[in-house]
Amino acid sequence: MRKSPVDIDKQNAVVRIRGLYKSFDTLDVLMGMDLDLYKGENIVVLGRSGSGKSVLIKLIAGLLKPDKGTIRVAGEEVDRLSPKELQELRLKIGFLYQGSALYDSMTVRENLEFPLVRNSPPLTRKERDAAVYEVLENVGLAQSIDKMPAELSGGQKKRVGIARTLILHPDIMLYDEPTAGLDPITSSDIITLINEVQQKYQTSSVIITHDLTCAKATGDRLALITDGKFSREGSFEEVFRTGDTEAKKFYDYNFIIDP
Amino acid sequence: MPSTPHKYTFYNRLRTSFLADIYNVCRFILRFFAEVFRPPYEFRETVKQCYNVGYKSFALVSLTGFITGMVFTNQSRPSLAEFGATSWLPGLISIAIVRALAPLITSLIVAGKVGSNIGAELGSMKVTEQIEAMEVSATNPFKFLVVSRVVATTLMNPLLVCYMGFIGLLGAYVNVHQHENTSFAAFFQHGFSSISFLDIFASIIKALIYGFTISITGCYQGYNAIKGTQGVGKAANVAVVVSMFLIFIEEMIIVQVVNQFR
Ligand SMILES: Nc1ncnc2c1ncn2[C@@H]1O[C@H](COP(=O)(O)OP(=O)(O)OP(=O)(O)O)[C@@H](O)[C@H]1O
Ligand SMILES: [Mg+2]
């Protein structure tokens with residue numbers, strides 16, 4: 001799985017994080033984090049369980065408030081926005097949850113229509129159906145349109161989750177462990193999908209993963225969280241061809257087996 | 001720098017749990033009133049929830065109403081018979097059912113069926129991050145989930161109460177007819193002449209208040225459920241227990257207030 005070259009606009013940071021701090025009660029999670037996500041770029045965020053990866057993207061989406069520091073998304077400072085402005089900004093953000101978070105009382109079709117009927121200018125039934133089919137086709141699940149989420153496998157749920165975020169054509173995608181718990185073939189389908197999304201819609205993405213195959217195949221740049229900060233950052237080679245012990249442990253676990 | 005954990009004193013517990021809860025509940029209720037009148041309205045979802053509330057409790061309300069009417073009549077007969085006053089039965093029963101039994105029993109059933117359901121449903125949506133997912137798809141989950149359910153339950157509860165009152169009286173009539181051979185017309189004429197407009201009005205107000213209590217409690221518990229499947233079970237359970245408790249407290253207060261008007 002080699003990645004085809006992409007256009008990255010290094011002048012244009014769609015997400016810019018400076019000096020970000022976040023703690024819960026007595027637990028300090030993020031401690032002085034800086035990050036730039038450029039237009040058209042996929043950045044992979046690595047880090048141990050509990051290191052605050054999910055917290056980081058929730059902060060980007062404005063679901064949590066930072067204790068200190070600034071987060072600018074598409075030029076706007078997220079925690080200064082009014083609820084209405086935040087809602088508008090969120091239309092530009094797609095969020096894939098670690099557990100997919102499909103609405104389990106609704107069919108796949110209703111799940112996909114949910115953001116559509118509420119946010120776009122009124123569409124006709126036909127236009128809505130067309131939009132739903134298009135994204136489902138993109139994730140290869142057109143035949144599951146009338147199923148309930150409970151009838152889908154974990155991988156199918158992830159794909160519907162991606163479809164649901166794609167339906168509003170977001171500029172920024174936040175993927176929380178897109179391949180976790182999936183078989184290698186489904187994982188590689190999802191990796192392909194993530195790259196297609198980047199190419200087709202010129203999105204910028206933050207991809208959280210523990211799966212280094214996914215990291216290498218989707219990431220234009222990698223960043224490793226240790227102790228609430230990015231300790232290493234750069235290409236796959238730059239991050240892992242170093243003496244950094246944390247990075248080495250990650251690498252060793254993922255590629256321990258020589259076929 | 002991790003700060004020292006809170007000392008486990010009574011005062012700290014009060015401050016962090018009980019008072020904080022009251023503060024949060026008040027904020028939740030205020031948020032409801034702030035959002036209920038603000039467009040866009042979730043009409044479809046509200047209608048769907050109305051249907052849900054009615055559909056879920058209809059059978060149980062019918063059955064319980066009928067049995068309550070019948071049994072209550074049967075149990076009251078001996079004490080009236082002592083004074084040879086069984087002809088007062090229709091009036092007595094009507095007052096009991098309309099003033100007290102219908103609103104109370106219906107609301108307890110709705111708390112058990114609908115309140116627990118709201119708690120569990122929102123609780124599981126909360127712990128599986130569906131509520132947050134609505135927020136990131138730029139929808140207001142509070143409006144979609146909470147406002148629709150609270151409005152639906154608050155509006156449907158009075159309907160169910162009226163319905164139960166009617167079914168209860170029907171049950172009472174069957175019993176009275178068996179024993180005293182009273183006619184349908186005579187029973188209801190006597191019954192209705194004993195109840196006043198204030199009785200009906202007060203019962204409908206009660207039903208509205210109890211419906212609101214049940215649904216807002218269920219929503220609050222579900223919306224604030226903590227992670228894990230335990231959180232969901234707890235939300236459903238606490239929703240029922242707390243709303244039943246509150247219903248009795250409110251009953252006590254409302255009866256006092258209504259008596260001022262009699
Ligand atoms: N809403 C919250 N309230 C309290 N603590 C939280 C909250 N969200 C996250 N945490 C804590 O913050 C820490 C980081 O959580 P986070 O979910 O970001 O980890 P993660 O890096 O995504 O881990 P994983 O790889 O397992 O998903 C955890 O210790 C977690 O307990
Ligand atoms: Mg996570």
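**View 1. β6(A) supplies the largest share of the lining of the largest cavity, three residues.** Helices (DSSP runs of H or I, at least four residues) and strands (runs of E, at least two) are numbered from the N terminus. This is a predicted model, in which local features need pLDDT of at least 70, side-chain atom pairs count only at pLDDT 80 or more, and totals for chains, interfaces and linings use all residues. Residues are numbered from 1 along each chain as its sequence is written, chains are lettered from A and ligands numbered from 1 in the order in which they are written, and side-chain values use heavy atoms, with hydrogens and water left out. At least two lining residues each come from β6 and α5 (154-166) of chain A and from α4 (130-136) of chain B.

**View 2. The largest cavity has a volume of about 130 Å³.** Of its 14 lining residues, those closest to the centre are A:Phe95, A:Arg164, A:Thr165, B:Val136 and B:Ser137. A cavity is a set of points on a 1 Å grid over the protein atoms alone where a 1.4 Å probe fits but cannot get out, and lining residues have an atom within 4 Å of a point. Points are joined across faces, edges and corners, and a volume is the space filled by probe spheres set on them. By class, the lining has nine nonpolar, three polar and two charged residues. Nonpolar means Ala, Val, Leu, Ile, Met, Phe, Trp, Tyr, Cys and Pro; charged means Asp, Glu, Lys and Arg; the others, Gly among them, are polar.

**View 3. The second largest cavity has a volume of about 80 Å³.** Its lining includes B:Gln49, B:Lys56, B:Glu121 and B:Arg149. Two or more lining residues come from each of α2 (43-82), α3 (89-127) and α5 (141-180) of chain B. Four of the lining residues are nonpolar, four polar and three charged.

**View 4. In the interface, 21 residues of chain A are in contact (heavy atoms within 4.5 Å) with 18 residues of chain B.** The buried area is about 1,800 Å², 51% of it from carbon and sulfur atoms; this is the accessible area (1.4 Å probe) that two parts lose on being put together, summed over both.

**View 5. A:Arg118 forms a salt bridge with B:Glu42.** Their closest N and O atoms are 2.8 Å apart. A salt bridge is a side-chain nitrogen of Lys or Arg within 4 Å of a carboxyl oxygen of Asp or Glu, and four are counted between chain A and chain B.

Notes
1 Å grid on protein atoms, 1.4 Å probe; cavity = no way out; pocket = protein on both sides within 12 Å on 5 of 7 lines; lining within 4 Å.
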